[in-house]
Amino acid sequence: MESTTVRTMTVTSTPETHLAFTNFAYCSSANLRQFAVPGTADLFLANVADVFILSLSYPFLNYTNEGILICYGVELESGLVDCSFFSGWHARVSTDDTVTVTRFVPPENFDLTLLSLELEFVKKGTKTKNEEVDAVQLSTQLKRKFIAQVLTVGQRATFEYHGTNYVFTVSRAVTEADNLSNGIERGMICEDTYIVFEASNATGIKIMNQRDAATSKIFKEKEFNLESLGIGGLKQEFVNIFRRAFASRVFPPHTWNRLGGKHVKGVLLYGPPGTGKTLLARQIGKMLNRKEPKIVNGPEVLSKFVGETEKNVRDLFADAENDQRSLGEASDLHVIIFDEIDAICKARGSSRDGTGVHDSIVNQLLTKIDGVEALDNILLIGMTNRMDMLDEALLRPGRLEVHIEIGLPDEAGRLEILQIHTKMMKENSFLAPDVNRQELAARTKNYSGAELEGVVKSAMSYALNRNLNREDLSKPVDEENIKVTMEDFLHALSEVKTAFGASTKDLEVSRPNGFVDCGDRQRLIYESVMFLVERVKAKGRGGPPVTCLLHGPSGSGKTALAATIGIDSEFPYVKIVSAETLNGPHESQRCAHITKVFEDAYKSPLSIVILDNIERLLHYTEIGPRFSNETTHTLLKFLGKTPPERSKLLVLGTTSELTFLKSVGLRKAFSVAYSVPLLRTEDAKKVLEQLSVFSDDDIDEAAQALNDIPIKQLYTVIGMAAERGGRFKDSVTEKLNITHFLDCLEEVTAYV
């Protein structure tokens, strides 16, 4: 028969009194066969009276681990369905009523993970004092008695426990899929079902050992597939969160109590924007098998009315307080997620609005988390891009004590994120075969998860635009021709820029004439610094940054050399700090800019910070001398500061005033220093040969006139001579006039 089989049957009473507590309905073998579908295992489940699910058995069956065994041979008449007194009472049907019976097909993942039952006596008022019920024993007994039966929210069933008759009412039923069956919350009891018992004081029932009755199954799944949850590149972060915040709650409570430990109450996720903090917190909330988490955006808590903001904070904890007051240790875990927590939990005393609202919020929050009446059934998850703005008292142990940095993903993490965002595209054959996601992951250094998603969206837009007829947008689109190609992704990379990438444009500006071989001395310096680059890559965790100072006469090529090393290192983050790039005229603004550069560098696994012309950064003048103390101390702080564990940093400095740096203590902050020399005659000849600006007859004469000249000055002379000698810039075949070159050289050096 099809699963839509519907039968009308008449209710009768059970022929055996002791079957009153089975929660079964019974029918004849002829009726039962009408619902049978060969090869299925759900023959004995049926909708009775459209109220809830009862197990339908022929003639009197008992579920055991070995299968279904016939226990009695009493045959009911065809067309009758037996409901015991209690089953009929709970199903709101009585003898001779006509009911509709349909076959019920359980959906996938229908096993119950969580079942909440409210207990009461069958005969109310018969007990004058509290009747103690051991939750461990009762949970075991009910699982054995009702195994494989379907229970629905609102359903009532009768059972006997230690000689006393009880009734339970299902108040909550959560399945593995956490879905609703026809809009009704229901599921099937299994061995892993976590049963929570509740009883009001008026019933006279006292629940004992409720916590030990739990299997501590606080997650819906037995294992976590982060890819299916849309979480990429955050495996280690998730492991750390689970270990600190949830491991103690997964173990049996008696084990944790014997250790004498206390549960973690707060987790802070911090890091750059777009790295997945909110996504991770949201997905953790979805995985929990308890109460729905409360998600609060920081600014939403604020109110213009006096005392209203503090009340909003108290309301967030009201449910947890009520549960702990009524259920004690049996209370469910309440999760509160604060997005942009820095908006409401600023350091006390830092706000200048004169209201003191932010201070009151912090005080109220601290009281609820770790006050005199501290709650043990809560877990706060806070998220912020600005950890430095939070009140320190909120970050100490017992409060938001677990600090997890959600940083920029590495190459393996970026590949996971790209696979997640292109999964549907690939499954539906919209991803072209030439798309190499591994190569894209290698190209997207320092891209956050949000930026990678933006790259995928941009690539899709190129593919869709290619298949649109802009002259007639109503023309149907051939979906078979839509293919997102590797070229689309490359276009997307040029369109979606990372906020924490290498400043290639700034580096190229710092070496406008490129980088040429200036002889063995400069090549040795380049190789030595590149050795430091490799040392940083292989460097272990911890310790101060690797620092190197390039010093020498003005114009000797220090900045170009540093910029070249930054480009050739292929580090994901390279930033140059020069007098031209500093923001603002005031010292505080310049120091804030330097601070931001270093803090951004800490967010990348491999970084280079170039401090160009340090004496200019410090506003050094020869007359006085005068310089900026505040900027000096800022540089000293970061040159000696150990980067975070996941970050490796190389700092390159350039200066033409080594003596000055020694006098203010900055020279000692650099562990290595190299002197960049002026060009000798042989060095100048090598440069002129590479530039190919002289004929073979003139190159030796030009080189002989050059000795101990800064390379920057050489480029100036060549530029002047080119303007006087014709179309040097327009044609590579024309050469410089040696006479014009020597005249220009004399003019330039005459004022040095």
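Modeller: Let me start with pairing: two strands pair if DSSP finds at least two bridges between them. Strands (E, at least two residues) and helices (H or I, at least four) are DSSP runs, numbered from the N terminus. This is a predicted model, where local features need pLDDT of at least 70 and side-chain atom pairs count only at pLDDT 80 or more, while totals for chains, interfaces and linings use all residues. Residues are numbered from 1 along each chain as its sequence is written, and side-chain values use heavy atoms, with hydrogens and water left out.

Biologist: Thanks! What is the order of the open sheet of five strands?

Modeller: The order is 23-24-25-22-26, with parallel pairing.

Biologist: What makes strand 23 and strand 26 the edge strands?

Modeller: Strand 23 (573–577) and strand 26 (672–675) each pair on one side only.

Biologist: How do you know that strand 22 and strand 26 pair?

Modeller: Four bridges join strand 22 (residues 546–551) to strand 26, and the definition asks for at least two. In this parallel pair, cysteine 548 stands opposite valine 672.

Biologist: Which helix lies across strands 22, 24, 25 and 26?

Modeller: That is helix 18 (residues 520–538), running at about 155° to strand 25. Angles run from 0 to 180 degrees between N-to-C directions, with axes fitted to C-alpha atoms, for helices over the stretch in contact.

Biologist: Nice. Helix 5 (residues 235–250) and helix 7 (residues 277–287) pack with their axes 12 Å apart. Why is helix 5 called oblique to helix 7?

Modeller: Their angle is about 55°. Angles under 35 degrees count as roughly parallel, over 145 as roughly antiparallel, 65 to 115 as roughly perpendicular and the rest as oblique, so helix 5 is oblique to helix 7.

Biologist: And why is helix 25 called roughly parallel to helix 27?

Modeller: The axes of helix 25 (residues 696–704) and helix 27 (residues 738–749) cross at roughly 15° and come within 10 Å. That angle makes helix 25 roughly parallel to helix 27.

Biologist: Which residues of helix 25 and helix 27 meet there?

Modeller: Asp698, Glu701 and Ala702 in helix 25 meet Ile738, Phe741 and Leu742 in helix 27, where contact means heavy atoms within 4.5 Å.

Biologist: Finally, what is the mean pLDDT of the protein chain?

Modeller: The mean is 77, and 74% of the residues reach 70 or more, on the predictor's confidence scale from 0 to 100. Over residues 41–90, the pLDDT is below 50.
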